[in-house]
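Please keep the viewer open as you read.

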Amino acid sequence: MTEPRHMDNTFMARAIQLSLENVRSGNGGPFGCVIVKAGSVVAEGANRVTATNDPTAHAELLAIRQACQKLGCFELRGCDLYTSCEPCPMCLGAIYWARIEKVYFGNLAEDAARIGFDDSAIYAEIAQPHGQRQIPLIQMMREEALAAFRAWQEQPGKILY
């Protein structure tokens, strides 16, 4: 694994600054994120969950959305992400879907858990069979639902992702 460069400190410092500013402004939780491509900041985000009543408005997701819009693509290959805290399961999934090249983070998930942002239950739930989760996942109408998948397979000119 490559050691962070001095320039990386600047980007991480900005992510941390965003998290502090967010707390002080009262707009959301203590999380900030910066996305960088070719040494330049492409997008920034700060947690806006409570400000927007949107449980998906995490700093990383907002920054990913902004970077994709700015770059005009749905993949962020060649981009690095700097976040003030280890990403939660939702953000980690988005990071993988966006094809981010590298993730730098400040606080550990355990640090976040100590102040009330505990993701460990979600990770534990993912490992459980569908019907044994706290929120059961109940499969139904699979054959009917497969029609959309068949249509996708047959669709000419589709954009794979």
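Let us start at a loop. Alanine 38 sits in the loop that joins strand 1 (32-37) to strand 2 (40-46). Its backbone deserves a look in this predicted model: alanine 38 is not a glycine, yet its phi is positive, at about 55°. Most residues other than glycine have a negative phi. Is alanine 38 buried or exposed? With a relative accessible area of 79%, alanine 38 is exposed, because the cut-off for that class is over 50%.

Asparagine 53 is not a glycine either, and has a positive phi of about 55°. Its relative accessibility is 71%, so asparagine 53 counts as exposed.

| Residue | Loop | Phi | Relative accessible area |
|---|---|---|---|
| Alanine 38 | strand 1 to strand 2 | about 55° | 79% |

Now for the overall fold. The protein has seven helices and four strands, and their order along the sequence is α-β-β-α-α-β-α-β-α-α-α. Its C-alpha trace spans about 55 × 40 × 35 Å along the principal axes. The protein has 161 residues, and 30% of them count as buried.

Next, the largest pocket. How much space lies in it? The largest pocket holds about 280 Å³. Its lining is made by 17 residues, and those nearest the centre are Phe31, Asn47, His58, Cys88 and Phe117. Two elements, helix 2 (49-52) and helix 5 (109-114), each give two or more residues to this lining.

Which residues make the nonpolar surface patch of about 770 Å²? The patch is formed by Phe74, Trp97, Trp152, Ile159, Leu160 and Tyr161. One of these, tyrosine 161, is found in the segment after helix 7 (142-154). Tyrosine 161 has a relative accessible area of 62%, which means that this residue is exposed.

Note on methods
Residues are numbered from 1 along each chain as its sequence is written. This is a predicted model: local features need pLDDT of at least 70, side-chain atom pairs count only at pLDDT 80 or more; totals for chains, interfaces and linings use all residues. Side-chain values use heavy atoms; hydrogens and water are left out. Patches are made of residues with over 30% relative accessible area and no salt bridge: like charges are joined within 9 Å, nonpolar side chains (Val, Leu, Ile, Met, Phe, Trp, Tyr) within 5 Å. Accessible areas come from the Shrake-Rupley method with a 1.4 Å probe; for residues, only the protein chains shown count as cover. A salt bridge is a side-chain nitrogen of Lys or Arg within 4 Å of a carboxyl oxygen of Asp or Glu. Buried means under 20% relative accessible area, exposed over 50%, partly exposed in between (1.4 Å probe, protein chains only). On a 1 Å grid over the protein atoms alone, a cavity is a set of points where a 1.4 Å probe fits but cannot get out, and a pocket is an open set with protein on both sides within 12 Å along at least five of seven lines; lining residues have an atom within 4 Å of a point. Grid points are joined across faces, edges and corners, and a volume is the space filled by probe spheres set on the points.
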